[in-house]
Amino acid sequence: MSTVILSGECPAHGFEYQSYIAPYSSQYGREENAVIVGDLQTERARGAVAQVSGADFYEEGHPGYRYVLWAEQYEMEDYLFLTTGTNSLNLLPSWHEEKAKVVAGRKISAEEFAAGATVCMVPDMLAGPNQLEVGDKISLPLLCVCYKDMGSSLGRVPYDFSLLNAEGELYELFWEQAYEIVGIYNAGGDFTHDMVDDMLIIPAKSVQASDNENIACYEPMSKNTVSFQIPNGSIAEFDTALKCVVKETENLAISYDDRGYAEIIQSLEASRSIAFLLLAAGVLAALAIIALLLYFFVVKERKRTAIERSLGMSKRQCRVSLLAGLLVLTIAATGIGSIGGVLALDQVQGAEAKGETVEQANSRFTYDTRYSMWAEGRELAENVEIEVAAPVAVYFAVPLGVFLLVLVLSQVLLYRSFQIDPIHLLSTKDKG
């Protein structure tokens with residue numbers, strides 16, 4: 001037996017063998033995470049040192065049978081694989097920080113996480129030796145669950161928790177299902193607490209069975225075991241509300257990582273304010289120009305209209321005479337302005353429009369933040385490519401709106417001008 005590795009002389013019993021680590025159970029219950037007390041804990045407290053005697057010592061129902069199960073646990077070690085159930089890849093720091101990458105297939109979609117689809121992602125270290133490919137189906141039997149930092153258990157499964165329950169029996173499977181491989185990923189090669197070797201990822205909602213009787217280990221929540229998502233831009237509001245509702249959170253160190261979103265949104269908010277100011281200035285300038293055009297082409301030409309009407313021209317002919325030049329000028333001005341706006345927007349696109357890469361842009365900086373932890377979020381924000389693309393309809397809607405505004409206002413002014421008798425207009429002194 002692989003577990004019986006120490007031997008020595010005992011004054012009371014003579015030559016005997018002793019297990020390097022006595023069989024024990026680390027089972028927890030769901031209620032208040034209490035340890036489930038059974039016969040195995042009592043035996044472990046005694047040290048579980050037994051003298052090998054009797055032909056039936058290792059038979060079921062006898063003390064040595066637990067050593068048989070303990071040895072089976074060690075034999076199972078090479079065939080045990082960790083599987084993590086989550087509701088989003090972003091809840092795993094390695095994926096949130098983009099250390100883990102998909103090398104084949106795709107990520108599990110948000111819809112599949114929400115629906116609890118029977119799909120999974122496997123690491124390339126597991127897929128390669130086992131000749132697993134995207135589209136294959138594998139059966140995942142779940143033996144027990146561990147609510148702890150599994151990174152510390154890497155390669156030392158029997159030493160950190162036990163596969164024996166409180167009664168000294170191996171856990172029975174509580175869930176088994178065939179899962180389709182939709183993606184193969186690489187964890188980045190660095191040691192992390194959320195991603196360990198040969199770990200499969202499945203939607204948490206895909207497990208439809210209760211694990212209440214199969215909790216093999218547990219520890220209080222820590223930064224390596226607990227993560228959650230909140231809407232972007234709500235960190236301050238959430239933190240204030242959490243501390244008001246749950247006073248005990250003042251004793252917790254909660255870290256928020258928005259990957260530079262706060263800095264990006266501040267910059268965008270400032271840009272939006274500037275954009276609104278520029279828009280308001282542009283609208284006011286456009287209205288001022290329209291007012292000047294209407295004044296010179298319509299209001300100031302009232303006496304000319306009166307002369308034309310006195311000479312027999314109809315109101316329709318007077319309209320065409322006055323508005324032809326105004327509308328042609330409006331069309332030309334709006335067309336040139338729209339085309340100029342498109343060219344200006346393309347010019348403002350930044351480094352990509354000039355063929356400059358992000359690395360080339362960063363080389364202009366006079367300081368290096370590669371070893372500054374505080375700068376990580378800022379660098380992520382700076383590396384985000386933001387492309388400003390106005391809808392194509394805007395390029396047509398704005399000139400059309402200006403044209404219609406000029407047309408409507410000129411018609412209103414002409415209508416008022418036509419209400420005045422031409423004799424009265426000719427008899428008044430031109431103040432223009």
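Predicted model: local features only at pLDDT ≥ 70, side-chain atom pairs only at ≥ 80, totals over all residues.
Q: Let's begin with the inside. Which residues have the most contacts within the largest nonpolar core?

A: As a general idea, nonpolar side chains in soluble globular proteins tend to be buried together. Here the largest nonpolar core has 18 residues, and those with the most contacts inside it are C120, V122, I138, L140, Y179, I181 and L200.

Q: Which elements give two or more residues to this core?

A: They are β5 (119-123), α5, β6, β8 (175-186) and β9 (200-203). Strand β8 provides the largest share of this core, with 4 residues. Another core, of 14 residues, lies apart from it and includes F113, V182, M195 and I201.

Q: Now the aromatic rings. How many aromatic pairs does the structure hold?

A: There are 7. To name a pair's geometry, look at the angle between the planes: under 30 degrees counts as stacked, over 60 as edge-to-face, and the rest as tilted. The rings of F228 and F238 have centres 5.7 Å apart and planes at 40°, so this pair is tilted. F228 sits in the loop between β10 (215-218) and α7 (235-245), while F238 belongs to helix α7, so the pair ties together parts 10 residues apart in sequence.

Q: What kind of pair do F238 and Y256 form?

A: An edge-to-face one, at 6.3 Å centre to centre with 80° between the planes. Y256 lies in the loop between α7 and α8 (261-297) and F238 in helix α7, so this pair ties together parts that are 18 residues apart in sequence. As for accessibility, F228 is partly exposed at 43%, F238 is partly exposed at 28%, and Y256 is partly exposed at 26%. Elsewhere, ring pairs link Y24, W70 and Y74 into a cluster.

Q: How do I read a helix? Which residues of α9 are buried?

A: Check where the buried residues point around the axis. In helix α9 (residues 302-310) they are T305, A306 and E308. These cover an arc of only 165° around the axis, which puts them on the same side of α9. Just after α9, G312 takes a positive phi of about 105°.

Q: Which residue has a positive phi although it is not a glycine?

A: That is Q131, with a phi of about 55°. Q131 is found in the loop between α5 (124-127) and β6 (137-142), and Q131 is exposed, at 69% relative accessible area.

Note on methods:
Residues numbered from 1 in each chain as written. Heavy atoms only, no water. Buried < 20%, exposed > 50% of the residue type's maximum accessible area, 1.4 Å probe, protein only. Core = buried A, V, L, I, M, F, W, Y, C linked by side-chain atoms within 4.5 Å. Arc of directions from axis to C-beta. Phe/Tyr/Trp six-rings, centres within 6.5 Å; stacked < 30°, edge-to-face > 60°.
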